[in-house]
Amino acid sequence: MNTTNTNLTAKALVNKIANNEVNFNLAIQRSNVWKDSQKTSLIESILKGFPTGVIYFWKKDNGYDALDGKQRCSAIQEFLNDELQLPEDFSLINDGKEDTDLSEMMFSELPDWAK
């Protein structure tokens, strides 16, 4: 078996999902079970630059089967599609110069540096 490490941006991942290049309908995958608080915690980790874990895909001729990471991918997709709002008590995020309040923002409302 050959393995490859690939780094994708959140936008590139969501584009692959939108283009039906990623199959999440495998017996090993749960249905979407994360609460919004879990989803926004993931988004916070991403915005702060924290590692969020490896997502495993099996490369196929017509795309990828997702072996792990459905909850994370779904949360990222929801946020980038403006289907998930950051909570009122969202922590401040530092842009390298100052702390910025992103509370209650949708992805489209974020400052460019955060996108």
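Predicted model: local features only at pLDDT ≥ 70, side-chain atom pairs only at ≥ 80, totals over all residues.
I started with Asn 20, which is exposed at a relative accessible area of 65% (exposed is over 50%, buried under 20%, partly exposed in between, with a 1.4 Å probe and protein chains only). Residues are numbered from 1 along each chain as its sequence is written, and side-chain values use heavy atoms, with hydrogens and water left out.

Back to Asn 20: its phi is positive, about 55 degrees, although it is not a glycine. I found it in the loop between helix 1 and strand 1 (22–23); helices (H or I, at least four residues) and strands (E, at least two) are DSSP runs numbered from the N terminus.

Next I looked up Asp 82, another non-glycine with a positive phi, about 60 degrees. Asp 82 sits in the loop between helix 3 and strand 4 (93–94), and at 29% relative accessibility it counts as partly exposed.

Then the largest nonpolar core: I get 22 residues, with Leu 47, Phe 79, Leu 86, Leu 102 and Leu 110 having the most contacts inside it. Such a core is a set of buried Ala, Val, Leu, Ile, Met, Phe, Trp, Tyr and Cys residues joined through side-chain atoms within 4.5 Å. Helix 1 (10–18), helix 2 (36–47) and helix 3 (70–80) each give two or more residues to this core, and helix 3 has the largest share, five residues.

Last, which residues does Leu 86 touch, leaving out those up to four places away in sequence? I listed Thr 40, Ile 43, Leu 47, Phe 79, Leu 102, Ser 103, Glu 104, Met 105 and Leu 110, where contact means heavy atoms within 4.5 Å.
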